[in-house]
Amino acid sequence: MKATVLVDNISNGGLCGEWGLSIYIEYEGKNILLDTGASDLFLKNAKELGKEIEDVDYAVLSHAHYDHSDGMDAFFKHNEKASFYLRKGSKENCYGKKWIFHKYIGLPKGILEKQKERIIFAEGDTSLFQGVSLIPHKTAGLDEIGRENHMYIRTDGGWAADDFSHEQSLVFDTDQGLVIFNSCSHGGAANIIHEIKATYPGKTICALVGEFHIFGKKEAEVRRLAQHIKNTGVKEIYTGHCTGEHSFEILKEELGDMVHQLKVGLEMEW
C-alpha cells in the first residue's frame, strides 16, 4: 500500500501547505481519501502529485473538525461516486472554548443535510472492504481529555466536554502488520494503539500515522506520551500538523528513528 500526504501544515517541494490534513491511500487496487484539509488545497496538490480525486473509491473523515472537513464540498464536486464515511456521532456541534467564549470548529454548516445521500455513518467496527476497517474509540473517560483541551460539544442540554465519539481510526492490514491512521489522535495516541491491539489480538502494529494534538504542551507531558507510545510496541509513527515542531523534536529525542515527519507530498509505503 502507498499513502501520499496531500495536505499538512509543512509545505514541501513547491507544494503549499495549510493547517489541516488530507491523505490519498492506494491499497489493493482501491483509492481512499482520508480527510479533505481546510480548503480545496487538497485538489490542487493532488493534481501536482498525479493523484486523481475522481478515482477515489472511498472517502473517510477522521473526525468532525474544520481543518479535516472544510474541503468536503470540493470533494463532492469533483468525485461523483465515492461514499463518505463519518463516525456515527458526527454532528455540526464541535466547539473550542477560550475563557467563557465558544468558537465553532466543526463540520461545514449544512453539509450533513446537503450530502445525506452520499454520507454513511459508521457504527461499531466497520469494514470498508477486505483488509480495511473503521474502528471507534473504545477507551472510557475520553471526555476528560476533551475538557483538558477546551473542546466541547453543543447539545440540547447545554455544553458537554467532547468525548471524541466522532473520531475514528482507519486501519489497514498489510504484510508488515496493521497500519493505523488517526488524523489528530484526540483520544490519545497510546490509547488508540491499545484499542487497535485489543480489536485485533495477536496482530503486529506496524505504524501509527497522524497528529497527536500536543502543540504547546509541556515538555514533561510530551516525554510521558513518548514513553507510553514506546511501551505499546508500535514500530513507527508518522506525525505532524497539530503535534507541533517543538513537541516533534521531543518525540524524536525520546523515540529516535521510529519517528517520521509528515509533510506535503510525503509518500509512505508498506
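Guide: A salt bridge is a side-chain nitrogen of Lys or Arg within 4 Å of a carboxyl oxygen of Asp or Glu. The model discussed here is predicted.

Visitor: How far apart are the closest N and O atoms of E219 and R223?

Guide: Both residues lie in helix α7 (residues 219-232), four residues apart, about one turn of the helix. E219 is partly exposed, at 40% relative accessible area, and R223 is partly exposed too, at 23%. The pair forms a salt bridge, and its closest N and O atoms are apart by 2.8 Å.

Visitor: Which residue in helix α8 pairs with R223 across 30 residues of sequence?

Guide: R223 has a salt bridge with E253, with 2.8 Å between the closest N and O atoms. R223 belongs to helix α7 and its partner to helix α8, so the pair ties together parts that are 30 residues apart in sequence.

Visitor: How many salt bridges does a search of the whole structure find?

Guide: One of them links E144 and R147, with the closest N and O atoms 2.7 Å apart. These two are three residues apart in helix α5 (residues 143-148), so about one helical turn separates them. The search of the whole structure gives a total of 13.

Visitor: Which strands are the edges of the open sheet of seven strands?

Guide: The strand order is β9-β10-β13-β14-β15-β16-β17, with mixed pairing. An edge strand here pairs on one side only. That applies to β9 (126-129) and β17 (259-261).

Visitor: Which residue in β17 stands opposite Y238?

Guide: Strand β16 (residues 236-239) runs parallel to β17, and three bridges join them. Helix α8 (residues 245-255) packs on the sheet and touches both β16 and β17. Opposite Y238 stands H260.

Visitor: At what angle does helix α6 run to β15?

Guide: Helix α6 (residues 189-199) lies across β10, β13, β14 and β15. Its angle to β15 (205-209) is about 140°.

Visitor: Is S69 buried or exposed?

Guide: S69 sits in helix α2 (residues 66-69). Beyond its neighbours within four places in sequence, S69 is in contact with T36, G37, L61, G106, L107 and P108. Its relative accessibility is 0%, and the cut-off is under 20%, so S69 counts as buried.

Notes: Residues are numbered from 1 along each chain as its sequence is written. This is a predicted model: local features need pLDDT of at least 70, side-chain atom pairs count only at pLDDT 80 or more; totals for chains, interfaces and linings use all residues. Side-chain values use heavy atoms; hydrogens and water are left out. Two strands pair if DSSP finds at least two bridges between them. Contact means heavy atoms within 4.5 Å. Axes are lines fitted to C-alpha atoms, for helices over the stretch in contact, and angles run from 0 to 180 degrees between N-to-C directions. Buried means under 20% relative accessible area, exposed over 50%, partly exposed in between (1.4 Å probe, protein chains only).
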